[in-house]
Amino acid sequence: MQGDVVKMRGGSEEASLRSGAGEYGFSEESRMFDGEKYSSMKIRSGKGYGQWVSERVRAAMTELLFPRKCPICEDIVSPRGELICPECTGRIHFITEPVCKVCGREIVSEEEELCSNCKRHRFSFEYGYALMSYSDEVAHSITRIKYTGAREFLDYYGKKAAELYGDRIKQMGVDAIVPIPVHKSRLRKRGYNQAAVLADIMGAALGIPVYEEALNRHKKTAALKELNAAERLKNLTSAFYAGYIPRDLHSVLIVDDIFTTGATLEAASRCLKAAGVERIYCFALAIKADG
């Protein structure tokens with residue numbers, strides 16, 4: 001269904017308390033509440049007007065009691081209602097052309113088609129995109145998301161990804177977005193999977209279903225940062241297994257937080273292809289510089 005965020009087996013949509021009305025996909029026929037529109041028809045999750053009003057009140061209370069913090073400076077966002085401090089957007093380097101034709105990493109020369117990493121390694125996915133360069137500021141922000149519960153930072157990154165890459169993602173004709181899973185022990189410790197939260201935000205903005213359980217992780221891999229590309233891939237090869245793959249799932253966009261050597265996305269791509277998915281594209285929140 002257009003605009004649905006689908007979690008296979010679970011069958012429910014998890015809406016953040018900070019979600020705005022624009023995330024619910026209104027029709028033209030609408031009512032006004034607190035300056036926002038609410039469709040007189042059921043919103044896509046099937047919630048009635050009373051429940052929607054209740055959620056908006058709770059969202060307003062959440063913002064009042066726990067003001068949103070900027071994903072870069074971590075101060076309270078000013079002005080209120082924004083997802084990032086306007087001046088902090090200048091501290092993020094969003095990926096620009098020329099980029100690698102495979103992974104989407106920035107490259108120096110327009111005459112080159114591939115980054116040095118993609119010249120050395122062949123990948124199973126068609127091609128990929130990345131939102132930002134992996135700078136110190138971005139690295140710190142992602143660390144806060146993953147290890148200190150700052151999942152609200154993903155609201156900005158997910159919506160920015162949809163804004164900058166939405167048209168291109170739709171042109172791919174993907175049937176679903178599939179987040180890279182984390183091991184159950186890490187999920188219990190963190191309380192959420194950052195890639196799944198990112199996928200949900202992007203899926204809601206683009207009207208693309210999210211199949212969170214299409215890909216699962218049954219192996220808790222060792223830390224990858226000290227391993228080279230070959231060691232990373234070997235470490236991850238048996239980490240993933242396919243879950244429920246519908247017959248009409250032919251093309252997917254895999255979403256992850258960081259692209260370093262591409263080993264994680266390659267292992268996931270191989271797993272999904274072995275399960276029958278024909279075309280696989282990738283999106284990373286941040287990508288490390290070429291070289």
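Guide: One term to start with: Ala, Val, Leu, Ile, Met, Phe, Trp, Tyr, Cys and Pro count as nonpolar, Asp, Glu, Lys and Arg as charged, and the others, Gly among them, as polar.
Visitor: Okay, and what am I looking at?
Guide: A predicted model, where local features need pLDDT of at least 70 and side-chain atom pairs count only at pLDDT 80 or more, while totals for chains, interfaces and linings use all residues. Residues are numbered from 1 along each chain as its sequence is written, and side-chain values use heavy atoms, with hydrogens and water left out.
Visitor: How many cavities of 30 Å³ or more does the structure hold?
Guide: One. A cavity here is a set of points on a 1 Å grid over the protein atoms alone where a 1.4 Å probe fits but cannot get out; lining residues have an atom within 4 Å of a point.
Visitor: What volume does the largest cavity have?
Guide: About 30 Å³, taken as the space filled by probe spheres set on the points, which are joined across faces, edges and corners.
Visitor: Which residues line it?
Guide: Cys103, Phe125, Gly128, Tyr129, Phe259, Leu265, Cys282, Phe283 and Ala284. By class, that lining has eight nonpolar, one polar and no charged residues.
Visitor: Which strand gives the largest share of the lining?
Guide: E8, with three residues. Strands E3 (128-133) and E8 (279-287) each supply at least two; strands are DSSP runs of E, at least two residues long, numbered from the N terminus.
Visitor: Switching topic, how much of the chain is buried?
Guide: 50% of the 291 residues, with buried meaning under 20% relative accessible area (1.4 Å probe, protein chains only).

Note on methods:
1 Å grid on protein atoms, 1.4 Å probe; cavity = no way out; pocket = protein on both sides within 12 Å on 5 of 7 lines; lining within 4 Å. Helix = DSSP H or I, 4+ residues; strand = E, 2+ residues; numbered from the N terminus.
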